[in-house]
Amino acid sequence: MSADAMRGRFLLLAPVLAGALAAPPAATAAEPPDGQFSVQSINGSGCRAATTQVRLRDLSRVDVSFTALQAQQGRGVPASSRRSACTVSLRAPAVRGYTFGVDNVLLRGRATLPAGTSATATASSWFVGSPRTVHAEREIPGVFDAIWDLRAVVRPGSVSWMPCGTNTPVNLRVDVRVDARPGGVGRISLDAGTNEPSASYRFAWKRC
């Protein structure tokens, strides 16, 4: 595997801290309680009506599939198409004594990038009102014409936890963009054309 492929495929999610959380992190790892997340909102240029499906499994995993989240740039392509994004906001059921955070993300899609073009896929998650964001990205240089993925695991000490004693929604954002030289047309999507979801999120749970 080339150095570019190794660099692009596996990136460690790194939290960006902009202040202290309102409550201390949880202390004891635990199995997730019973129940399902509920969808609070779906917003963004890449998730128009009927193009995004959220599969609520249990409180350990959520899958999202996109059919219109794509970006392209090049000759004859509107500048507004260079970037596309979507934010899915979820809320866990109210379960006293527990908290959770994203600890694993997998994105899948397809890109067609001639020489001189590149694309970037980004995954971010944060709790509403919290200054702490977990972020990972993959840069894909051309020439490239294949399915791509972004696999990222959060170190146990770097998980961003929902403040204990709250029931705060978590935002899950995906973003794709293309940079192309004049004359070349590059494309990237979060739809690999398979039966697999576009984005899979796994959650760690702890007792407060």
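## Disulfides

Cys47 and Cys86 are both buried, buried meaning under 20% relative accessible area, exposed over 50% and partly exposed in between (1.4 Å probe, protein chains only). The two are joined by a disulfide with an S to S distance of 2.3 Å, a disulfide being a pair of cysteine sulfur atoms within 2.5 Å. The torsion about the S-S bond of Cys47 and Cys86 is about 100°, so this disulfide is right-handed. Cys47 sits in the loop between strand 3 (38-43) and strand 4 (52-58), and Cys86 in strand 7, 39 residues apart. Strands (E, at least two residues) and helices (H or I, at least four) are DSSP runs numbered from the N terminus.

The structure holds two disulfides; another joins Cys164 to Cys208, with S to S 2.3 Å. Its torsion is about -95°, so the Cys164 and Cys208 disulfide is left-handed. Cys208, at 47% relative accessibility, counts as partly exposed. With the bonded cysteines numbered in sequence order, the pairing is 1-2, 3-4.

## Model and confidence

This is a predicted model, in which local features need pLDDT of at least 70, side-chain atom pairs count only at pLDDT 80 or more, and totals for chains, interfaces and linings use all residues. Residues are numbered from 1 along each chain as its sequence is written, and side-chain values use heavy atoms, with hydrogens and water left out.

The protein chain averages a pLDDT of 85, and 86% of the residues score at least 70; pLDDT is the predictor's confidence in each residue, from 0 to 100. Over residues 1-26, pLDDT stays under 50. Where pLDDT is low, the predicted coordinates should not be read in detail.

## Overall fold

The protein chain has one helix and 14 strands. Of its 208 residues, 45% are buried. Among contacts (heavy atoms within 4.5 Å) between residues at least 6 apart in sequence, 80% join residues at least 24 apart.

## Nonpolar cores

A nonpolar core is a set of buried Ala, Val, Leu, Ile, Met, Phe, Trp, Tyr and Cys residues joined through side-chain atoms within 4.5 Å. The largest has 40 residues, of which Leu107, Trp148, Ile188 and Tyr201 touch the most other members. Strands that each supply at least two residues of this core include strand 5 (61-66), strand 9 (117-127) and strand 14 (199-207). Strand 8 gives the most, with seven residues. A second, separate core of five residues includes Val134, Val154, Val159 and Trp161.

## Thr120

Thr120 lies in strand 9 and is buried, with a relative accessible area of 5%. Leaving aside neighbours within four places in sequence, the contacts of Thr120 include Glu137, Arg138, Asp175 and Ile188.
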